[in-house]
Amino acid sequence: MEVDAFFSQPKNTDEILNCVRNAKINNLQICPFGAPIASSNVATITKQIILDLTKLDNIIEFDWNKSEIVVQPGTRISTILRLVLPLNLTLTSITGFMKNTVVGNISNDVNGKDSWKYGNFSENVISMKVILSSGEEREISRENDPHLFNAICGGLGLLVIIKEIKLKLKPIASYYVDASTRKCVNLEEQLNYFEAITEEKSDFAHSWIDPFTSSNQFGRGLFLEARYSEIKHESNRKEVQKFLTPRTHILGIRNDTFWKITRQLYYFPVHYLATRAKYHKPIISPNRRMPLTKFQSPLNDKFPNWYRIYLPKGFREFQFLFPVNIFPEAFNALLLFCRKNGIAPIVSGIRKHKKQDTLLSFHGDGYSLLLNFGLSNFSDEKIKWLHEHLVEICLKYNGKIYLGKFPFISPDAFKELFPRHSEFIEIKKQLDPENMFWSDAASSFLKGLV
Ligand SMILES: Cc1cc2nc3c(=O)[nH]c(=O)nc-3n(C[C@H](O)[C@H](O)[C@H](O)COP(=O)(O)OP(=O)(O)OC[C@H]3O[C@@H](n4cnc5c(N)ncnc54)[C@H](O)[C@@H]3O)c2cc1C
């Protein structure tokens, strides 16, 4: 996503405060970004200051005995895992993208394949040092200020700038997982598997769905489950390093060139055949022991930067969450809508979630459906129309939208989809009355509300 903006790239955390002071003097707004991997405009701001934290990718302190780590805001998940995985420690609820930053994961409160058990990423956070728009610095934890903590996690960088984070790490027996894949003929079978998982026996569970089935087979796909292996594994730093280093070549061709060629060839029949093959011969989702990193993102592992297939126009990604009893009906309505409108996702799947206290993050007792689609085949009007109708379906079935992935909603829809919006708005008015912390996304969904 390209925007015309001022760029500030601090080399240490003190320079973040300088940026806040300069913004105040010059009456400018700030939008911080981490990686930025978000497929939306939550980390951009036009004609104002983009605070690029990519240089702040350092571990400040690591306490092995307490399983705690203190990091700078732009620290990549891969930077942490490189250090801690060989020591049989990990983070929970990470995504398939190891390049994500810790702040990005907190501000979007990302969900993973294990969020049904451990909650979203914010559950890893012990405390955060933050900078307010006034320049004041505070240390926030769940204990000393639960309300603000729950607003910042999932708050899309609109309340404070996070400058340092203390995380707790989860001890594991091995950085390998024992994974299993089961074919499901329809949604009912998928949900039966989800209902049968238990916290004692599983750590990860998610499903992939085939978008090309007839309506009586909607939900057909693969159910994938895994648990941290209990078989002791000789920790090997070199091996972890290898797992966390993305391939530079795919099928012997340089990554960039591979996607340039594939983009020209990946027409509907190819996508259809690849999907069929994935269901009938699930070679990238097998039943075996595998490194955690591979289970987290089998697609990215085999085909790094797969989303480049959607260039130059990019893609839209939605994740909709519905209560358990409503999910099957909402799922059918969404899939029918996609079928009628030529949306054939490359990645689509179901995840199970858990309720938390955070104000805007994507959580609740229910299931989510993930859908994405390339924008190249659609005109701008059609994209707008698709957005409106997908949001309408979500509202009709009492659902929730993952705001970080899809912030293209009106203030009215925001109010309806996020029942705790008024608490968030109240905190925003108190902490940042001049809207110094802002983004292009906020200009639409918060318009007129703050
Ligand atoms: C292909 C793909 C797959 C994905 N899979 C998943 C998934 O499985 N689960 C999931 O939950 N998400 C997923 N996402 C979304 C992605 O993980 C999130 O958008 C994540 O936040 C990106 O991290 P980042 O470091 O790039 O953050 P950025 O995009 O840089 O920023 C995210 C937010 O954090 C804010 N922010 C940045 N720095 C600070 C700071 N210092 N203080 C306060 N706020 C700050 C930004 O303003 C922005 O609002 C996926 C995205 C893509 C493109």
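Start with α3, which gives the most to the shell around the ligand, with 4 residues. Helices (H or I, at least four residues) and strands (E, at least two) are DSSP runs, numbered from the N terminus. Before you click further: this is a predicted model, where local features need pLDDT of at least 70, side-chain atom pairs count only at pLDDT 80 or more, and totals for chains, interfaces and linings use all residues. Residues are numbered from 1 along each chain as its sequence is written.

**The ligand shell**

Now select the whole shell: 33 residues surround the ligand, and the closest are Gly-34, Ala-35, Pro-36, Gly-104 and Gly-157. Show β2 (30–33), α3 (102–107) and β9 (161–168), each of which supplies at least two shell residues. Colour by class and you get 18 nonpolar, 14 polar and 1 charged residues. Here Ala, Val, Leu, Ile, Met, Phe, Trp, Tyr, Cys and Pro count as nonpolar, Asp, Glu, Lys and Arg as charged, and the others, Gly among them, as polar.

**Helix α6**

Next, select residues 187–196, helix α6, whose buried residues are Leu-187, Gln-190 and Leu-191. Look down the axis of α6: those residues fall within an arc of 90 degrees (taken from the directions from the helix axis to the C-beta atoms), so they line one face of the helix. Glu-188, Asn-192 and Ala-196 sit exposed on the other side of α6. Buried means 20 or more other C-beta atoms within 10 Å of a residue's own, exposed means 12 or fewer, and partly exposed is in between, with C-beta atoms placed from the backbone.

**Ser-229**

Step to the loop between β13 (221–228) and α7 (237–244) and pick Ser-229. With 19 C-beta neighbours inside 10 Å, Ser-229 counts as partly exposed. Leaving aside neighbours within four places in sequence, its contacts (C-beta atoms, placed from the backbone, within 7 Å) are Ala-173, Ser-174, Tyr-176, Val-177, Asp-178 and Arg-289.

**Helix α9**

Last stop: residues 268–280, helix α9. Of the 13 residues of α9, the number buried is 1, so this helix lies largely in the open.

How values were computed: Near = placed C-beta within 6 Å. Contact = placed C-beta atoms within 7 Å. Expected span 1.5 Å × (residues − 1).
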